[in-house]
Amino acid sequence: MLCYVFLRVLRRVFPHRGAAVAAEDLIYWCAAGFVSFAVVYRSNQGILRSFLLAGILLGAWICRITVGPLFEKAGTAILGIPVFFAKKFINRLLFVVKRGKISVYQLVKRKKREKKPTVPRSRESSRKGRKLEKIKRKPNKNKKT
């Protein structure tokens, strides 16, 4: 049962999604069932006794009530310390990387602005200017010669 408490400690320190938790539980309980069956079968010359199953269940319940919560709190505190420092260290490294990306982006953007010459557009090259040119070029039909 303390192995399951350790698994819960790992879940608190490294949280993950529900599907992963369900898969861990399934694997743990299948393995615990096989190990318990093998130990009981071997120690009783192949005879499964019901009082052994009741003893296993009672022991698991007592462990969960008494020692389990203490073990879980202590394990979380002990494993949380290196994880805290690892997260801080990784954040420091990622800050340098992110800041470098921002600096490179700003440098590239500045270089593009310097390369592109800014030529003022003439009235004829603009869209409105072309429309005005067409209007000005239209012959006047009302004039009689």
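Q: Which residues can go into a surface patch here, and which ones make the nonpolar patch of about 470 Å²?
A: To qualify for a patch, a residue needs over 30% relative accessible area and no salt bridge, and nonpolar side chains are joined within 5 Å. This is a predicted model, by the way. The patch of about 470 Å² is made by Phe89, Ile90, Leu93, Leu94 and Val97.

Q: What is the secondary structure pattern of the protein chain, read along the sequence?
A: Zero strands turn up in the protein chain, and the helix count comes to five. Reading along the sequence, that gives α-α-α-α-α.

Q: In which helix is confidence lowest, and in which is confidence highest?
A: Across the protein chain the pLDDT averages 80, with 79% of the residues scoring at least 70. Confidence is lowest in helix α5 (residues 127-137), where the mean is 62. At the other end, with a mean of 89, confidence is highest in α2.

Q: Are the rings of Tyr4 and Trp29 stacked or tilted?
A: The whole structure holds five aromatic pairs. For Tyr4 and Trp29, the ring centres are 5.3 Å apart and the planes stand at 40 degrees. Stacked needs planes under 30 degrees apart and edge-to-face needs over 60, so this pair is tilted.

Q: How many residues apart in sequence are the parts that the Tyr4 and Trp29 pair ties together?
A: Tyr4 is buried at 11% relative accessible area, whereas Trp29 is partly exposed at 44%. Tyr4 belongs to helix α1 (residues 2-13) and Trp29 to helix α2 (residues 18-43), so the pair ties together parts whose separation in sequence is 25 residues.

Q: Are the rings of Phe37 and Tyr41 tilted or stacked?
A: Both residues lie in helix α2, four residues apart, which is about one turn of the helix. Phe37 is partly exposed at 44%, and Tyr41 is also partly exposed, at 42%. Their ring centres are 5.5 Å apart with the planes at 20 degrees, so the pair is stacked.

Q: Which residue makes a salt bridge with Arg11?
A: Arg11 is in helix α1 and is buried, given its relative accessible area of 16%. Its side chain has a polar contact of 3.0 Å with the side chain of Glu24, and another polar contact, of 2.4 Å, with the side chain of Asp25. The salt bridge, with the closest N and O atoms 2.4 Å apart, is to Asp25.

Q: How many residues apart in sequence are the parts tied together by Glu72 and Arg8?
A: Their side chains meet in a salt bridge at 3.1 Å, N to O. Glu72 is buried at 7% relative accessibility, while Arg8 is partly exposed at 23%. Glu72 lies in helix α4 and Arg8 in helix α1, so the gap in sequence is 64 residues.

Q: Which residues are linked in a network of salt bridges?
A: The count of salt bridges comes to four. Glu72 meets Arg8 at 3.1 Å and Arg12 at 3.2 Å, N to O. With Glu72 in both bridges, the network links Arg8, Arg12 and Glu72.

How values were computed
Residues are numbered from 1 along each chain as its sequence is written. Side-chain values use heavy atoms; hydrogens and water are left out. Patches are made of residues with over 30% relative accessible area and no salt bridge: like charges are joined within 9 Å, nonpolar side chains (Val, Leu, Ile, Met, Phe, Trp, Tyr) within 5 Å. Accessible areas come from the Shrake-Rupley method with a 1.4 Å probe; for residues, only the protein chains shown count as cover. Rings of Phe, Tyr and Trp (its six-membered ring) pair if their centres lie within 6.5 Å; planes under 30 degrees apart count as stacked, over 60 as edge-to-face and the rest as tilted. Helices (H or I, at least four residues) and strands (E, at least two) are DSSP runs, numbered from the N terminus. Buried means under 20% relative accessible area, exposed over 50%, partly exposed in between (1.4 Å probe, protein chains only). pLDDT is the predictor's confidence in each residue, from 0 to 100. A polar contact is a pair of N or O atoms within 3.5 Å; within protein, one must be able to donate a hydrogen and the other to accept it, and residues adjacent in sequence count only if both atoms are side-chain atoms.
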